Amino acid sequence: MAKKVIKDDKIYEILKNIAEDFRYSNELADIPLMFYKIEQERVIRGNDIDKVIEYCTTGLDKLNNPNEIASYYAENVGIDQTKLDRNLDIFRAEYQDLLRFLNS
């Protein structure tokens, strides 16, 4: 069974941020539970590697889709657009960094 041990603090922080986002929304579905486990164990095992890759790829697809971005802005009316843009840039960079780690 393949596994990726998370020794890099930056990668760990990215995974921790994703898990925190799910905690904030109180989600307990399979994907959030997977991220909670990865955060706790600092290891991504087997099929979870593919699931994290899919999660990041899907996230990047949404972040590069103008309709998705417009929807994100509409859901966050009243929040400074510069701050929203900065958050989206952070998400993009984190997903890309995580994909590089998983594909190395």
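Analyst: Residues are numbered from 1 along each chain as its sequence is written. In this predicted model, local features need pLDDT of at least 70, side-chain atom pairs count only at pLDDT 80 or more, and totals for chains, interfaces and linings use all residues.

User: Why is α2 called roughly perpendicular to α3?

Analyst: Helix α2 (residues 30-41) and helix α3 (residues 46-63) pack at about 115 degrees, with axes 11 Å apart. Angles of 65 to 115 degrees count as roughly perpendicular (under 35 is roughly parallel, over 145 roughly antiparallel, the rest oblique). Therefore α2 is roughly perpendicular to α3. The axes are lines fitted to C-alpha atoms, for helices over the stretch in contact, and angles run from 0 to 180 degrees between N-to-C directions.

User: Which residues make that contact?

Analyst: Ile31, Met34, Phe35 and Ile38 of α2 and Asp48, Lys51, Val52 and Tyr55 of α3 do (heavy atoms within 4.5 Å). They divide into 6 nonpolar, no polar and 2 charged. Here Ala, Val, Leu, Ile, Met, Phe, Trp, Tyr, Cys and Pro count as nonpolar, Asp, Glu, Lys and Arg as charged, and the others, Gly among them, as polar.

User: At what angle do α3 and α5 pack?

Analyst: α3 and α5 pack at about 145 degrees, with their axes 9 Å apart. Their contact has 13 nonpolar, 3 polar and 1 charged residues.

User: What makes the open space a pocket, and what is the volume of the largest pocket?

Analyst: On a 1 Å grid over the protein atoms alone, a pocket is an open set of points with protein on both sides within 12 Å along at least five of seven lines, whereas a cavity is a set where a 1.4 Å probe fits but cannot get out. The largest pocket has a volume of about 900 Å³. Of the 27 residues that line it (an atom within 4 Å of a point), the closest to its centre are Asp21, Tyr55, Tyr72, Phe91 and Tyr95. α5 gives the most to this lining, with 7 residues. By class, the lining has 12 nonpolar, 7 polar and 8 charged residues.

Definitions and conventions: Side-chain values use heavy atoms; hydrogens and water are left out. Helices (H or I, at least four residues) and strands (E, at least two) are DSSP runs, numbered from the N terminus. Grid points are joined across faces, edges and corners, and a volume is the space filled by probe spheres set on the points.
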